[in-house]
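Visitor: Could you walk me through this one? I'd like to start with the ligand and then move on to a helix.

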Amino acid sequence: MDVFGTASERMELSNRVDFERFYRKALRGPREKNLLAKAFKGLHSDELVVDTCCGLGEDLMRLRALFSRVVGIERNPFLARLLQKAQRHFSLGGVEIIEGEAKAYDGPGRVFYMDPMYPLGPRQKSLAKRPLELLKKICGPDGDQVELLEALLDKKPRRVVVKRPLKARPLLGERVKFTLEGKLIRFDIY
Ligand SMILES: C[S@@+](CC[C@H](N)C(=O)[O-])C[C@H]1O[C@@H](n2cnc3c(N)ncnc32)[C@H](O)[C@@H]1O
């Protein structure tokens, strides 16, 4: 794993982290068809939602389109700085970016989102976009996903939503409350 990547990869990633674009994209399309919105259904829009695996921040902006306050945590130092820069340029507010390990998070919020790296199956591989490949290269496989979920569940959360490949086993099968399936991915709700 190379936490900073090559100069051209860094340049490419920095062009990809664009909160305005992600946010505008998130507002498109009917909400009833939005699987992420369904996974967080029933929560008030004032709820503070913590994205524990922020990555490029696209899901963070999808969450910001649903909730007025979001916190994004990213442990890769290069990505975290890109996200902080994007946050400073984002005119909407209500977004905080924390560089660090989500297992150690002890800030506010009782609703959590997790989208750790996962191995791509053949179908997903053919559809995988370049940003995902780059993220994988500089962030590695996120081998501590179960530990992160356990740490979040220990906080007695109101909800934890975990994005998984469609056919993968749940991280903690016996504790899943329900699941929502899309074409390629699934959300497990704890
Ligand atoms: C698949 S990417 C997330 C993509 C993101 N959902 C998006 O829309 O761009 C996973 C990211 O989570 C980060 N991550 C995974 N486990 C983490 C942890 N325990 N604490 C902080 N960051 C974590 C990785 O460094 C990586 O950048």
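Visitor: How do the residues of the shell around the ligand divide into nonpolar, polar and charged?

Guide: This is a predicted model, in which local features need pLDDT of at least 70 and side-chain atom pairs count only at pLDDT 80 or more, while totals for chains, interfaces and linings use all residues. Residues are numbered from 1 along each chain as its sequence is written. The shell divides into ten nonpolar, four polar and eight charged residues, where Ala, Val, Leu, Ile, Met, Phe, Trp, Tyr, Cys and Pro count as nonpolar, Asp, Glu, Lys and Arg as charged, and the others, Gly among them, as polar.

Visitor: Which of the 22 come nearest?

Guide: C53, G55, E58, R75 and A102 do, a residue being near if its C-beta atom, placed from the backbone, lies within 6 Å of the molecule.

Visitor: New topic: which residues of α5 are buried?

Guide: L79, L82, L83 and A86 are buried, that is, 20 or more other C-beta atoms lie within 10 Å of their own, whereas exposed means 12 or fewer and partly exposed in between, with C-beta atoms placed from the backbone. Seen down the axis of α5, the buried residues fall within an arc of 100° (taken from the directions from the helix axis to the C-beta atoms), so they line one face of the helix.

Visitor: And what does the face turned away carry?

Guide: That face of α5 carries the exposed residues P77 and R88.

Visitor: What about R110, where is its place?

Guide: R110 sits in the loop between β3 (95-99) and β4 (111-114), and its C-alpha atom is separated by 7.9 Å from that of V50, 60 residues apart along the chain.

Methods:
Helices (H or I, at least four residues) and strands (E, at least two) are DSSP runs, numbered from the N terminus.
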